[in-house]
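Notebook open, model loaded. I'm jotting down what I look up as I go.

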Amino acid sequence: MQEIQPSIVGQDIICAEVEAPPNALVVFGASGDLTHRKLLGSLFQIFERGLLGEQFYLLGAGRKKLSDEAFRQRAQGAVQEKSGNVSVKAIKPFIDRLYYISGDYSNTLFYEGIKAKLAELDKKRKVNSSHIFYLAVPPFLYGTIVERLGSTELSCPGEKQRARLVVEKPFGRDLQSAGELNDKIRRCFDESQVYRIDHYLGKETVQNILVFRFANTIFEPVWNRNYIDSVQITIAESIGVEHRGGYYDQAGALRDMFQNHMLQMLALVAMEPPTSFEADRLRDEKVKLLRSIQPFRLDELDRFFVRGQYGPGLINGEEVIGYRTESGVDPRSKTETFIAAKLFIDNWRWKGVPFYLRTGKRLRKKDTEIVITFKKVPHSMFVSAGLGDMPSNVLILQIQPEEGISLGFQAKRPGSKICMSTLNMNFNYRSVFGVDMPEAYQRLLLDCMVGDQTLFTRYDGVEIAWQLLMPVLEAWQKDDSVPYEYAASSDSFPEADALIESDGRKWRKLREV
Ligand code: BG6
């Protein structure tokens, strides 16, 4: 396969970015993992870009007793881990905006304390816009915190100020629990105040699906069943469950990755063009698409879903343990760490086009991509030269870790009378724009501060995804069978391959790089 280099990027046609208005961010779970690994580093990067706003401050809230100073010390460590060798001096103006309060999440007094602290800090830092409450706590605490925010009126601070609520995934563990959580939220917050995070929507390359599809005319005419043979969406991870065995064993790949990240990517790839780039117009189209997914036939579920669970194996020459011996995991666990699925979309655009989705942990490589395979040419004029079956054009949207787009097409090699090869036209973000991809949380935090819900999931979208998957979860629960075991560091396993090969197609190999 030959490679063609793209020409250098031209001038920006449009470039819009907004500085956050004066906001206070209250992070519940401020001494926890998510705050440390993702939030503080991303906030610092927004700050460095000059977009955080002069008055911004963060009030960390948690069970652990910490002074402001101790919290700042930890935050400094988190920022340095994320931003390399940035100096203490450079971090200081950011760190000085951090405060901390401790208490018991179920005790109203904690929230009264937060309220008093917010009033004091708002005055000191001249914040008059929004209080953003970020739930970076384990999901079982979501309901408790939301109810207390409501009963202490932190959810509706007054005419001039707005409160916003940021909820991490998972949003419920099934349709019923998602509904119950949503009812609690809706008693205290209006949908316009709620920001449900699916961090895949904050990834630059996922957002680029929208620009790619809807800012170009050349793809739309072929983006349908007349020209597309099939679509593959892969999220392969090389990591295992790490320290999250306890949570993961109750969840599994269907709840952890499929119900949210995979269906959201599918929706962006397959939805109809929204009429505008407004949050609700885009979310309307995504929901419409999710509603059009054909319900799974339970009498032949195995033709549409294959589950796997990783066993021991070698990753980069090192032995790793199998899923059932991970800490926090039941040694007889039936929880799936891999899913391969086939689904169809019952609408005019996609009728009959299979969408193959797979995700798994402890696979050979981290590799997330969307592969659009076009139909073959209807007739080969090169039969007499020995080429009756022409390869398909393949368009690949590479989401991570190498971000880019590539398009494969056939071309004549110079010299011989007829010598054809498949060329690959590659666009790589890093080499074209020369920057590292910003962390998804930067985009999401900033959008929440400016009040843009476009990249956040609306409840009807969450609900429809659960409705679609509930029969599958229930069938698996009743079923005695266990997922197929695959060795850690595999690309796939025979039963997952059979799901697609029985249709005469193949999974794309995980990338070598
Ligand atoms: C999370 C899942 O939502 O996404 C994890 O809970 C998974 O299990 C992670 O590892 C993958 O995210 P990313 O950004 O590394 O692809």
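Predicted model: local features only at pLDDT ≥ 70, side-chain atom pairs only at ≥ 80, totals over all residues.

**Helix 5**

I listed the buried residues of helix 5 and got Y142, G143, I145, V146, R148, L149 and G150. Buried here means under 20% relative accessible area, with over 50% called exposed and anything in between partly exposed (1.4 Å probe, protein chains only). The helix spans residues 142-151 and is mostly covered, with 7 of its 10 residues buried. Helices (H or I, at least four residues) and strands (E, at least two) are DSSP runs, numbered from the N terminus.

Residues are numbered from 1 along each chain as its sequence is written, and side-chain values use heavy atoms, with hydrogens and water left out.

What do the buried residues of helix 5 pack against? I found strand 2, helix 4, strand 5 (130-135), strand 6 (162-167) and helix 6 (175-188). Contact means heavy atoms within 4.5 Å. Just after helix 5, I noted that E153 takes a positive phi of about 60°.

**Aromatic pairs**

I counted aromatic pairs next and the structure holds 29. The rule takes rings of Phe, Tyr and Trp (its six-membered ring) with centres within 6.5 Å; planes under 30 degrees apart are stacked, over 60 edge-to-face, and the rest tilted.

F305 belongs to strand 9 (residues 305-315) and W476 to helix 13 (residues 459-478), so the pair links parts 171 residues apart in sequence. F305 has a relative accessible area of 3% and is buried; W476 is buried with 9%.

Back to F28 and Y105 for a moment: together with F110, Y111 and F133 they form one aromatic cluster.

**Ligand site**

Which residues are closest to the ligand? I got Y200, K203, E237, D256 and H261, out of 13 residues that surround the ligand. By class, I have 3 nonpolar, 3 polar and 7 charged residues in the shell. Helix 9 (residues 253-270) gives the largest share of the shell, 3 residues.

I then looked at distances to ligand oxygen atoms. A polar side-chain atom of E237 is 2.5 Å from one, an N or O atom in the side chain of H261 is 2.7 Å from one, and a polar side-chain atom of K366 is 2.9 Å from one. On its own the ligand has 400 Å² of accessible area, and the protein covers 83% of that. Those areas come from the Shrake-Rupley method with a 1.4 Å probe; for residues, only the protein chains shown count as cover.

**Q442**

I went to helix 12 (residues 440-450) for Q442. Its relative accessibility is 6%, so Q442 counts as buried. Leaving aside neighbours within four places in sequence, Q442 is in contact with S42, Q45, I46 and R49. The side chains of Q442 and R49 are joined by a polar contact of 2.9 Å. That term is a pair of N or O atoms within 3.5 Å; within protein, one must be able to donate a hydrogen and the other to accept it, and residues adjacent in sequence count only if both atoms are side-chain atoms.

**N224**

Last stop: I found N224 in the loop between helix 7 (204-214) and strand 8 (228-236). Is N224 buried or exposed? It counts as buried, at 14% relative accessibility. I see a polar atom of the N224 side chain 2.9 Å from the backbone nitrogen of N226. Beyond its neighbours within four places in sequence, N224 is in contact with R349 and W350.

Methods
Near = heavy atom within 4 Å. Nonpolar A, V, L, I, M, F, W, Y, C, P; charged D, E, K, R; others polar.
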